[in-house]
Amino acid sequence: MRRGLDASAGSGRRRWRHRWRHSLRLRLVTVFVLLALAMTAVFIAGMQGTLAGGWREAGRPLIKDYVDRLVAEIGTPPDVARAEALTTRLPISIRIQGPVVNWASHPGRMDRRGFGPRGNELLSRTTADGHRISFGIGTLPWHEGASGIGWTTLALLLLLIACAFAYVRRLLRPLDDIREGAERFGRGAFDAPIPLRRRDELGDLAQRINTMAHDLQGMLDAKRALLLALSHELRSPLTRARLNAELLPTTPEGRTEREALLRDLGEMRDLISDLLESERLASPHAALHREPVDLAALVEEVLGDLPGGADVTRELAPGLPVLALDRTRTRLLVRNLLDNALRYSSGAARPPRIALRAAGGGIALEVRDFGPGVDAAQLERLTEPFYRTDSARQRATGGVGLGMYLCRLIAEAHGGSLAVRNAQPGLQIDVSLH
């Protein structure tokens with residue numbers, strides 16, 4: 001239990017240090033509050049020192065003379081009636097201690113004020129008959145309200161600090177807008193610009209970031225339009241070239257060249273199709289043609305069409321829910337993942353494995369190979385467009401680096417996700433579909 005509390009406290013301290021290092025508002029507000037408190041303390045200490053130092057020396061002779069007069073008025077031996085009259089008329093407390101008279105106008109009050117049995121030398125006198133008369137502050141309303149004034153002053157100070165905090169928070173609110181806007185722009189969502197709340201330096205910064213985001217959106221749209229236009233324009237001559245290649249005479253001398261040409265044309269066709277599909281899915285207005293899909297049956301169908309698909313280990317849970325998916329794109333997702341697993345399973349001890357199971361109202365799809373895997377530093381980049389690992393740069397196994405990127409886009413378009421991890425041995429891809 002104790003270790004749990006210590007761990008919780010340590011975690012809280014770490015969170016606080018993280019917030020302190022990364023929160024400009026927290027640091028500014030803390031510095032402002034500390035500065036306000038320091039200025040208040042310095043002011044109070046300075047005023048107290050000034051008043052205590054100057055007025056104490058100037059008032060000491062006056063107080064001494066006044067106390068002598070009060071003692072003379074009480075008389076020797078001390079007259080309690082006269083002392084009571086003084087406390088009624090003046091804002092003072094009186095205590096008399098001696099062999100004959102022991103009396104106090106406010107019992108207990110003078111001890112709390114700091115006048116003990118011996119009293120204060122400036123405010124105490126010893127009469128000729130051995131009585132000691134001590135004086136203290138009385139009970140006028142202004143004195144009773146002194147503590148209330150102190151608490152009121154403290155409350156006003158705290159209120160000023162709270163107002164200052166609210167003002168600083170309002171001043172720094174554009175930083176939150178800028179941070180949220182940068183996160184949106186990083187995700188490719190350029191439709192909501194950063195709101196411009198003020199016309200100061202932060203407002204100017206927000207305006208410049210909005211302009212930059214608008215320019216980036218224009219560049220991305222232009223790039224997407226160029227890729228789509230090139231892909232569309234290349235499909236027609238590529239189709240004609242493939243048709244002409246298929247019509248070439250199948251002589252023994254030209255068979256090898258004919259097959260190589262058809263293979264290259266097929267790779268170009270697949271590349272153009274992947275480019276078109278990735279650009280469509282990357283668009284914020286990508287449309288899915290959803291229909292009820294039995295994913296287990298779709299996997300069996302894809303495995304039947306793939307060379308080597310019969311060797312893939314299947315773990316398809318029974319009773320899986322039928323999801324509303326885009327059949328064509330889901331088929332492309334499953335085919336790309338299985339093709340990738342088969343490609344890198346050459347020489348592995350075990351064949352690839354595909355598994356389906358229900359998860360959170362959707363289906364979790366797992367595809368694993370038992371090959372060499374991928375370096376941990378390259379895992380996060382596997383789903384980037386046109387990225388290939390060093391081992392995949394050979395023509396026999398490589399491709400152009402669009403397969404995993406396209407799979408991630410398909411999963412995200414269906415409201416799911418795609419994650420890649422080393423399974424040791426091999427690589428495992430986890431996809432969630434909803």
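## Overall makeup

Of the 434 residues in the protein, 33% are buried. The model is predicted. It holds 11 helices and 11 strands. The accessible surface of the protein is about 27,000 Å². Carbon and sulfur atoms supply 59% of that surface.

Among contacts with a separation of 6 or more, 62% join residues 24 or more positions apart.

Strands of a sheet pair through backbone hydrogen bonds, either parallel or antiparallel. Here, strand 1 (residues 92-97) and strand 4 (residues 132-137) pair in the antiparallel sense over 6 bridges. Ile96 stands opposite Ile133 in strand 4. Gln97 stands opposite Arg132, also in strand 4.

Strand 1 also pairs with strand 2. These two strands run antiparallel and are joined by 2 bridges. Arg95 stands opposite Ala104 in strand 2. Strand 1 and strand 2 form a hairpin, with 5 residues between them. Burial marks strand 1 as well: 5 of its 6 residues are buried, so the strand is largely enclosed by the rest of the structure.

## Helix 8 against helix 11

Two packed helices are described by the angle between their axes and the distance between the axes. For helix 8 (residues 255-282) and helix 11 (residues 403-413), the angle is about 35° and the axes are 10 Å apart. The crossing of helix 8 and helix 11 is left-handed.

Helix 8 contributes Asp274, Glu277, Ser278, Leu281 and Ala282 to the contact. Helix 11 contributes Tyr405, Leu406, Leu409, Ile410 and Ala413. By class, the contact has 7 nonpolar, 1 polar and 2 charged residues. An α-helix has 3.6 residues a turn, so residues three or four places apart point the same way.

## What covers helix 11

The buried residues in helix 11 are Met404, Tyr405, Leu406, Cys407, Leu409, Ile410 and Ala411. Their cover includes helix 8, helix 10 (327-343), strand 10 (417-422) and strand 11 (427-433). Gly415 follows helix 11. Its phi is positive, near 80°.

Asn210 is in helix 7 (residues 201-246). Its relative accessible area is 12%, and because the cut-off for burial is under 20%, Asn210 counts as buried. Leaving out residues up to four places away in sequence, Asn210 touches Phe185, Pro193, Ile194 and Leu196.

Ala296 is found in helix 9 (residues 295-305). At 19% relative accessibility, Ala296 is buried too, since the limit is under 20%. Ala296 touches Leu316, Leu320 and Leu356, again not counting residues up to four places away in sequence. Pro321 lies 25 residues from Ala296 along the chain. The C-alpha atoms of Ala296 and Pro321 are separated by 9.8 Å.

Key:
Residues are numbered from 1 along each chain as its sequence is written. This is a predicted model: local features need pLDDT of at least 70, side-chain atom pairs count only at pLDDT 80 or more; totals for chains, interfaces and linings use all residues. Side-chain values use heavy atoms; hydrogens and water are left out. Axes are lines fitted to C-alpha atoms, for helices over the stretch in contact, and angles run from 0 to 180 degrees between N-to-C directions. Helices (H or I, at least four residues) and strands (E, at least two) are DSSP runs, numbered from the N terminus. A crossing is left-handed if the near helix is turned anticlockwise from the far one by less than a right angle, and right-handed if clockwise. Contact means heavy atoms within 4.5 Å. Ala, Val, Leu, Ile, Met, Phe, Trp, Tyr, Cys and Pro count as nonpolar, Asp, Glu, Lys and Arg as charged, and the others, Gly among them, as polar. Two strands pair if DSSP finds at least two bridges between them. Buried means under 20% relative accessible area, exposed over 50%, partly exposed in between (1.4 Å probe, protein chains only). Accessible areas come from the Shrake-Rupley method with a 1.4 Å probe; for residues, only the protein chains shown count as cover.
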